Amino acid sequence: MNAPFPDPAAPPGIVNGLSVDVEDWFQVGAFENVIDRGEWDSIKTRVEDNVYRVIDLFAEADVCATFFTLGWVAKRHPNMIRRIVDAGHEIASHGYDHARVFTFSRREFGEDIRKAREIIEDCAGVRVTGYRAPSFSIDGRTPWAFAELAEQGYAYSSSVAPVVHDHYGWPEAPRFAFRPLPWSSLIEIPVTTAILGGRRVAAGGGGFFRVLPYGFSRWAIRQVNRTEGRPAVFYFHPWEVDPDQPRVGHAPLRSRFRHYTGLAKMAGKLRELVHEFRWGRMDLVAHREAARAGDLVLPELPTATEAVE
């Protein structure tokens, strides 16, 4: 049974950020060393049907979200992009082909986000103002990425996971929205973490949402909303509502566990989540959080003229 909508104990006015990282099942970080990019065009895509399932699920709860989309996917599925926009959702950039930011020089990163944005905007017919790095790969190695995003006119990013993790993470970063550059209005909105036993724990969705009991996510979002008085940022992928997707038997055991566990229950858990809490697009969250971000900036970041090549 779905929980009441919305959480009656949530502080009035808090709207959590709901987001979808639009990539296909074979483009994920878990398989990046076993499925070569050169094979992608020969693999049958499943992303379009999965995105339509997600759009329908959101429509049931009357919520809007942000779809951070790969340029590679948008180029091959322009009708899907238009349908996302027509349904009232925000379309944003996830880069071109899911290469992590720390694999680029600044110049290469700039070319990647420019290429992806041009493709997505051409398909969508609307301006793209938001960006999420593949695998939350803006971290202490790539602070210049914020300068590049700002100079290309992005309004916000949601690219930082402020935790320790073997796959990603920038544990020194703030937990909530901040301005990474003192000379720019660009806002960074990290994915949600909670405090458990005095330590930060990842609680913003993805594999954690599939693997752990739903009660963990409920507890974490309530902590962020009620105790911190801040919006949560939740994300997942279209392939996570697709239990019939192909199995990659030669992938490492840990990768298979992370990718396939909980797929059959994912849609049901999502329905409960979107009915229980207040949700909105990430551009709405960015707009509301901009004033609260204030003068909180990360130290020792490069200025606009300190381009790292």
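Helices here are DSSP runs of H or I with at least four residues, strands are DSSP runs of E with at least two, and both are numbered from the N terminus. The views below are taken from a predicted model.

View 1. Of the 309 residues in the chain, buried residues make up 58%.

**View 2. Strand 1 beside strand 2.** Strand 1 (residues 16-22) pairs with strand 2 (residues 66-69) in the parallel sense, and the pairing runs over four bridges. One point to look for is Val20, whose bridge partner in strand 2 is Phe67. Strand 2 is covered on both of its faces, with Thr66 and Phe68 on one side, Phe67 and Thr69 on the other, and all of these residues buried.

**View 3. Strand 1 beside strand 9.** Strand 1 also pairs with strand 9 in the parallel sense, over four bridges, and Gly17 has Val233 of strand 9 as its bridge partner. Within strand 9 (residues 233-236), Val233 and Tyr235 point one way while Phe234 and Phe236 point the other way, and all are buried.

**View 4. Glu240, in the loop between strand 9 and helix 8 (253-260).** When its neighbours within four places in sequence are left aside, Glu240 is in contact with Gly206, Gly207, Arg210, Leu263 and Met266. Tyr260 lies 20 residues from Glu240 along the chain, and the C-alpha atoms of the two are separated by 8.2 Å.

**View 5. Helix 4 packed against helix 5.** Two packed helices are described by the angle between their axes and by the distance between those axes. Helix 4 (residues 106-124) and helix 5 (residues 144-151) pack at an angle of about 40°, with their axes 10 Å apart. Helix 4 is therefore oblique to helix 5, and the crossing of the two is right-handed. From helix 4, Arg106, Phe109, Gly110, Ile113 and Arg114 meet Trp144, Ala145, Ala147, Glu148, Leu149 and Glu151 of helix 5. Sorted by class, the residues of this contact between helix 4 and helix 5 are six nonpolar, one polar and four charged.

**View 6. Helix 1 packed against helix 9.** Here helix 1 (residues 47-61) and helix 9 (residues 263-276) pack at an angle of about 35°, and their axes are 9 Å apart. The crossing in which helix 1 passes helix 9 is right-handed. Helix 1 makes this contact through Leu57, Phe58, Glu60 and Ala61, and helix 9 through Ala267, Leu270, Arg271, Val274 and His275. By class, the contact of helix 1 with helix 9 holds six nonpolar, one polar and two charged residues.

**View 7. The hairpin of strand 7 and strand 8.** Strand 7 (residues 193-196) and strand 8 (residues 199-202) pair in the antiparallel sense, over four bridges. In this pairing, Ile195 has Arg200 of strand 8 as its bridge partner. How many residues lie between the strands of this hairpin? The hairpin has two residues between strand 7 and strand 8, and Gly197 takes a positive phi near 60°.

Conventions. Residues are numbered from 1 along each chain as its sequence is written. This is a predicted model: local features need pLDDT of at least 70, side-chain atom pairs count only at pLDDT 80 or more; totals for chains, interfaces and linings use all residues. Side-chain values use heavy atoms; hydrogens and water are left out. Axes are lines fitted to C-alpha atoms, for helices over the stretch in contact, and angles run from 0 to 180 degrees between N-to-C directions. Angles under 35 degrees count as roughly parallel, over 145 as roughly antiparallel, 65 to 115 as roughly perpendicular and the rest as oblique. A crossing is left-handed if the near helix is turned anticlockwise from the far one by less than a right angle, and right-handed if clockwise. Contact means heavy atoms within 4.5 Å. Ala, Val, Leu, Ile, Met, Phe, Trp, Tyr, Cys and Pro count as nonpolar, Asp, Glu, Lys and Arg as charged, and the others, Gly among them, as polar. Buried means under 20% relative accessible area, exposed over 50%, partly exposed in between (1.4 Å probe, protein chains only). Two strands pair if DSSP finds at least two bridges between them.
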